[in-house]
Amino acid sequence: MVQVEIDSGSGFCFGVTTAISKAEEELTTGKTLYCLGDIVHNGMECERLRKMGLITINHEDMMRLHGVKVLLRAHGEPPETYELAKRNHIEIIDATCPVVLQLQKRIKRQYDNQPDAQIVIFGKPGHAEVLGLVGQTHSKAIVVAHFEDVKQLDFQRDIYLYSQTTKSLDEFHRIIDYIQQHISPNATFKSFDTICRQVANRMPNISAFARKHDLILFVCGRKSSNGKVLFNECKSVNPNSYLIEGPEEIDPQWMNNVSTIGICGATSTPKWLMEKCREAILNQS
């Protein structure tokens, strides 16, 4: 009989858990609730909440709404979103993650104090959290997606480096080292480690979990940035790792000649979905 273990450290992070709890709380009142963007990068969880009545909208949709309730997810939003809500008499249910909110405030203070410095954000361009961070600087911040991009900075000018909360610590430190080696003696460089430890600590934990099993099923929505990073870590230590969005993607052939299967996921993966995957495996074996 095959053994199946669900990683106890996988599943929603604190910010996502809080956002979903706030949505559920509002939806139980029976009133209409809108959410600006997918509440979490997981299609099945979004569908569960949609059935409860949550209506997902984009920024254009929000411009046309008046006098309603809109939930802001854990990723956070730029100041323009709050201004729009005020103009349109929209009540905001703010579920911005406290870690992200703190980072937004730090970047805004930095920009207000030194608007001519290069404020650099290590993050994914276009990602909801990054848009909220860049918005604190009137879109002046420079987004560095990968280590190679750091070479385009002006090393004659002051650089203040921050990071999207879910990025890789190792790559962030590589970027810091490169800037330190190339910054002009006449320019100031400061880096601020703003990576969420609840997310960062998952990397070594998930690596150890992946090593323990013959087969790894990483359950995650394909839009999840954090999921891609964690899955790549699983794959690097256990080549017999597969990324799936749900139980219907499990290939029975993967189970051939394996005695232990590990199921894990991203900060956007609900526990109930990992449990469904375990049930599907046990029903097949």
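Is H89 buried or exposed in the predicted model? With a relative accessible area of 64%, H89 is exposed, where exposed denotes over 50% relative accessible area, buried under 20%, and partly exposed the range in between (1.4 Å probe, protein chains only). The structure is a predicted model, in which local features need pLDDT of at least 70 and side-chain atom pairs count only at pLDDT 80 or more, while totals for chains, interfaces and linings use all residues. Residues are numbered from 1 along each chain as its sequence is written, and side-chain values use heavy atoms, with hydrogens and water left out.

The protein chain contains 11 helices and 12 strands, assigned as DSSP runs (helices H or I, at least four residues; strands E, at least two) and numbered from the N terminus. Its radius of gyration, taken over C-alpha atoms, is 21 Å, close to the 19 Å given for 285 residues by the globule rule, so the protein chain is as compact as a globular protein of that length; the rule is 2.2 Å times the number of residues to the power 0.38. Along the principal axes, the C-alpha atoms fill a box of roughly 65 × 50 × 25 Å. Of the 285 residues, 53% are buried, and among contacts (heavy atoms within 4.5 Å) with a separation of 6 or more, 72% are between residues 24 or more positions apart.

When neighbours within four places in sequence are left aside, the contacts of L161 include V120, F122, F172, I175, I176, I179 and F189.

H89 lies between α4 (79-87) and β5 (91-94), and H138 is placed in the loop between α6 (128-134) and β7 (142-144). Phi is near 55 degrees in H89, a positive value in a residue other than glycine, and is likewise near 55 degrees in H138, which counts as exposed at 60% relative accessibility. D116, in the loop between α5 (98-113) and β6 (118-122), counts as exposed at 66% relative accessibility; its C-alpha atom is separated by 10.0 Å from that of I159, 43 residues apart along the chain.
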